Amino acid sequence: MRAKSEVSTFKFKRVVLVILSIILVSVFVVESEAVFNAVLQNPNSSDTVIRAKLREMALKYNIPSVILMGIAYTESGWKQFDANGNPVIHYNLSGSFDIGIMQINSVGRSDIDKLKSDIFYNIEIGAKILDNKWKITPGIGDRDRNVLENWYYAIWAYNGFSYINHPLNPQGKHYQDRVLDNISKLIFGGDTQPLWTPVQISRPDPNSILNPPDWIPTPTPYHYGDLYTGIYEGDNARLLAGPESSIVLVNSDFSISFEIQNVGTTIWKNSVFSKDGGHHAVLKISKGSNLKLVNALLYSPVQPGGNNVFTFKISVATEGQYLLNLQMYNGDNPFGPSIQASLFAYNLNIEDLSGAFDNQFKIGDIVPIKFKLNSIGGISFSSLVQITLKDAAGNPLYSTFVDPDLTLNGATEEITAQSIAGIGIASNGQYKLNLKLFLQNGPMQAFPSEDTTCLSPVFKEFEKDFVIDDQRSGLFVDSNPQGANIFINGVDTKLITPSFVALDSGNYTVTLSKAGFINNNFQCTVQSGIQTISKDLIAISDQVNLNLLSQSLDFGEIYTGISPFKNISLQFDGSLDEVGVVGTSSKWISVYPLSFTGSTTFTVSIDSRWLDEGKTLTGTITFDTGTVKKTVSTNVTTLLSSVVFSLVPNKATVREGENIFIDALVKSSINPINRLDLVLSYDPAFFDVNSIAPDNLNFTMNNISQDRGFIYFDGMSISSNSGEFRIFTVKFNAFKNTSGIKTLINFNDAKAFSNGEEQKNLKFGSEIQILEKLKLPGKVTNFSTEDLIGKIKLTWAMAETGSYEVLEYDIFRGKIDALSDAIYIGSTVNNVFSFTDTGPFERIPYYYWVIATDSMGNSSEPSEPVKIQPIVFSNTFLKTVKLEFYIGKSYVYINGIIMKMEVAPFIKDGRTFVPVRYVAEPFGAQVIWNGTERKVTLIHKKLIELWIGNSQAIVDSIPVYIDPQNLDVVPFIMEGRTFLPLRFVSEAFGAAVNWDSITKKVTIEYKN
């Protein structure tokens, strides 16, 4: 994208120029120092962070992420800065230069410093440029943005859509082919993960590309990007928060909640009943062979990216462990991952044995608390007691947890906990102690936590009254937040706020100390009685605590080719101002997402491509915030599978009428394989079989037959016995869309024989979604332009809607009738069908185009170009400027050219008024507005200063009256426009003003 600026220059006094020069030099020095410091503070981000940002920006601008990643790697190797910390700059022979990771060209840009220092901004500008190149280059195929092959021209245009990159040019740079070469490579980043999943993008026949290029069909076979797949595919969901495990009481009602995010492309519809076609969640509760289903309905729509908390009311009747499985549904159709959790139900009663509350206590006394637990089953628990101190009205004063360090194991046990009566008490009187009991069984917790949606029931709660009667002197010390250690004269009292400290009369130094906060020191004088003091603690701003709820992940035993997943919940305490990153020690560990800035749920997967079979492997996952680093260990044991059958791609999205190529692969660890018998199944309601092509190098198909929905391969002989190889390719035609659901092409049966013995095997199919045939937005019509002074107004009619709703209209401007050489100048949204281009302009003809873009980024054909030459008067030296105004007419003639005005001239207080710009700009004057002083300054051959509501002006430092005969004639503002008296301004510039009372015409003639 290119933009130019045009600056009007004026001859000022020499002293003014000197002062401006000094100011400019000072600004340059300050900005240069700021840029230098910014470079030092902005080293290259990790490949993990860059990968995440490239994917984010690609999907934001409807670009398959592998395309943007490949361009960034080809341009800079994913580097914003060189080894010395300086921005990566490439200087061109033309005098321009290219900047940073996306190598943004400097021509016409005013954001060069930010492009140098801000890698995320550089990436986003690169994505916006590529998006616009897609819109202005000729289409390929049906212009489906999710087909990687359709991006050949746009990649080409990113480097220059000219013959220099034409594939038939023997001296050409062939930029787009270099990008595709890189995309096909397996390249590892600094985090040991592949930068992207390599893909062999099919290329067009060079002989089919004209010069200049025009429409060509999509090269085959097609490959699909990630615009409609993965977490962005139709209906999809992911877990944000939920219980990993919980314990509950039998025969009691309790709630379990899951916070689910809509990460698909559709709006979740609210549902009244579970079968009415809306979206809802189903929780399966199983114990042994018993299964219970609980529905949680959606009561309001959820937009893509939005969240919803599904809460399930549950009661279980028997003791033991229960497995929970959450699944999202759209009507009867499941979607998204299956989310696992567990709970443990127990049978327990609690008897209150406390009886010591009738006594009076002094501040600081120990209050004994006793109760008895009767564990009916043979289950081992540890306990936790929450003690809350309240005043007589029931207002909480202080709360703490006490661990009695006692384990129950199927027996009646008496628990004794202690509380200091003085905590939270400032004076004598009646108080209450409230007790709540929580239990823990192994890793399953029922303790209260702010960061979990699994809020376990309170199993026992009771209160007791007691009386404080204390005549001693001392300090009652509190802090915000509470829980600070109290030191008196440097000695630790072993108390934390809020607490009473008994002290004799005298002067003391009190220190409050709390982790993560600055120590608070103050002087205090103790007299008779109890003195209350409360202090605020200031947090240390850069504290970051990273708490992992899981310290290890054991995936157990898996077969290669299967990727189980497990969620890790992270909890942050304090502030986190920078992006945290995730790193892994091994290629076989995959983590999503790869960066974080707050509380996040991560999905960890095993990537079987990097696993050695028959081994137990250990790795680590590191979460690094820059100041805090935590590590989780990961273990997996792989089992040998003799033969693995798979279909590639394993997941894809196609459109009606398109072909999709499905490759059948076999991976074998035994020798020899003598025979394969396979049955491939598909849904004939959606697919036709076009062709079946064997891989002649590896096997011979002796007998192939078809039935509706099935292809039979019997008695295939194998010449390649071990390793992984392709055995055949089936070309399907997707003739009907699947209405948002997915359909499978699968191995209905697969058998492999070695020396007559059938071998154990695994089978993996292909999940396909067929979208309706893509219909692009309609071409923009009724496109017209209107000349204004120094700007062009464009209007057009609403474009016809295609497969998706039209979201915006993009406007392009060029100096020649070639859209590929045009620049993007802006866009409109929300069904706005007009745009005003304010330049800057030269006095030459310009061409304009408008392109409609839908919500998925698909673009219409460009409108027919409109040619127009703007009327530009500023920064010119015409010998004569003649202006003709008519009272009540909203137009002006400028040197005989009619120009529409926003408002018509009118007479007020006996003088004609017009908006300031219609007088100043044709003369070539500069207009400066000072909102603080409400002052208008006009600069040309003279310096004219006027103030709103003031009858006096200053012309070249000399005060003059605007109209000496009528002091009511003053500049004023009406409807946001500044109006000046026409005669005064014109004559102040030396122009002649004539008034024709018959035609009510004002003529102004100005000569340079």
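Helices (H or I, at least four residues) and strands (E, at least two) are DSSP runs, numbered from the N terminus. This is a predicted model, in which local features need pLDDT of at least 70, side-chain atom pairs count only at pLDDT 80 or more, and totals for chains, interfaces and linings use all residues. Residues are numbered from 1 along each chain as its sequence is written, and side-chain values use heavy atoms, with hydrogens and water left out.

**Figure 1. Overview of the protein.** The protein holds 9 helices and 71 strands. Of its 1008 residues, 48% are buried. Buried means under 20% relative accessible area, exposed over 50%, and partly exposed in between (1.4 Å probe, protein chains only). Contact means heavy atoms within 4.5 Å. Among contacts with a separation of 6 or more, 65% join residues 24 or more positions apart.

**Figure 2. The largest nonpolar core.** A nonpolar core is a set of buried Ala, Val, Leu, Ile, Met, Phe, Trp, Tyr and Cys residues joined through side-chain atoms within 4.5 Å. The largest one has 49 residues. L54, I63, I67, L68, I71, M102 and L130 have the most contacts inside it. At least two residues of this core come from each of α2 (47-60), α3 (65-76), β2 (97-99), α4 (112-117), α5 (119-136), α6 (152-159) and α7 (175-183). A second, separate core has 39 residues, including I871, V892, I894 and F979.

**Figure 3. Close-up of L68.** Leaving aside residues up to four places away in sequence, L68 touches L54, M57, A58, I63, M102, A127 and L130.

**Figure 4. Helix α3 and its surroundings.** α3 has 12 residues. From its first C-alpha to its last it reaches 17 Å, close to the 16 Å expected. The expected span is 1.5 Å times one less than the number of residues. Of the 12 residues in α3, 11 are buried. Those buried are S65, V66, I67, L68, M69, G70, I71, A72, T74, E75 and S76. They pack against α2, α5, α6 and α7. Just after α3, G77 takes a positive phi of about 65°.

**Figure 5. W78, in the loop between α3 and β1.** W78 is not a glycine, yet its phi is positive, about 65°. Most residues other than glycine have a negative phi, and most peptide bonds are trans. Is W78 buried or exposed? W78 is buried, with a relative accessible area of 2%.

**Figure 6. N831, in the loop between β54 (823-829) and β55 (834-837).** N831 also is a residue other than glycine with a positive phi, near 55°. N831 counts as partly exposed, at 45% relative accessibility.

**Figure 7. The crossing of α2 and α5.** The two axes come within 9 Å and cross at roughly 35°. Axes are lines fitted to C-alpha atoms, for helices over the stretch in contact, and angles run from 0 to 180 degrees between N-to-C directions. α2 passes α5 in a right-handed crossing. A crossing is right-handed if the near helix is turned clockwise from the far one by less than a right angle, and left-handed if anticlockwise. From α2, V49, I50, K53, L54, M57 and K60 meet I119, F120, I123, E124 and A127 of α5.

**Figure 8. Helix α6 against α7.** The axes of α6 and α7 come within 8 Å and cross at roughly 115°. This crossing is right-handed. α6 contributes Y152, I155, W156, Y158 and N159 to the contact, and α7 contributes Y175, Q176, D177, V179 and L180. In α6, 7 of 8 residues are buried. What covers the buried residues includes α3, β3, α5 and α7. G160 follows α6, with a positive phi near 130°.

**Figure 9. The sheet β1-β2-β3.** This open sheet of 3 strands has antiparallel pairing. β1 (89-91) and β3 (104-105) are at the edges with a single partner strand each, so one side of each has no neighbour in the sheet. Two strands pair if DSSP finds at least two bridges between them. β2 and β3 are joined by 2 bridges. D98 stands opposite N105 in β3.

**Figure 10. The sheet β4-β6-β9.** Here too, 3 strands form an open sheet with antiparallel pairing. β4 (237-241) and β9 (307-314) are the edge strands. The twist averages 40° from one strand to the next. Between β6 (residues 254-262) and β9 there are 8 bridges. I260 has N308 of β9 as its bridge partner.

**Figure 11. Two cis peptide bonds.** The bond from N211 to P212 is cis, with omega near 5°. The bond from T220 to P221 is cis, with omega near -5°. P212 is found in the loop between α7 and β4, and P221 lies in the loop between α7 and β4.
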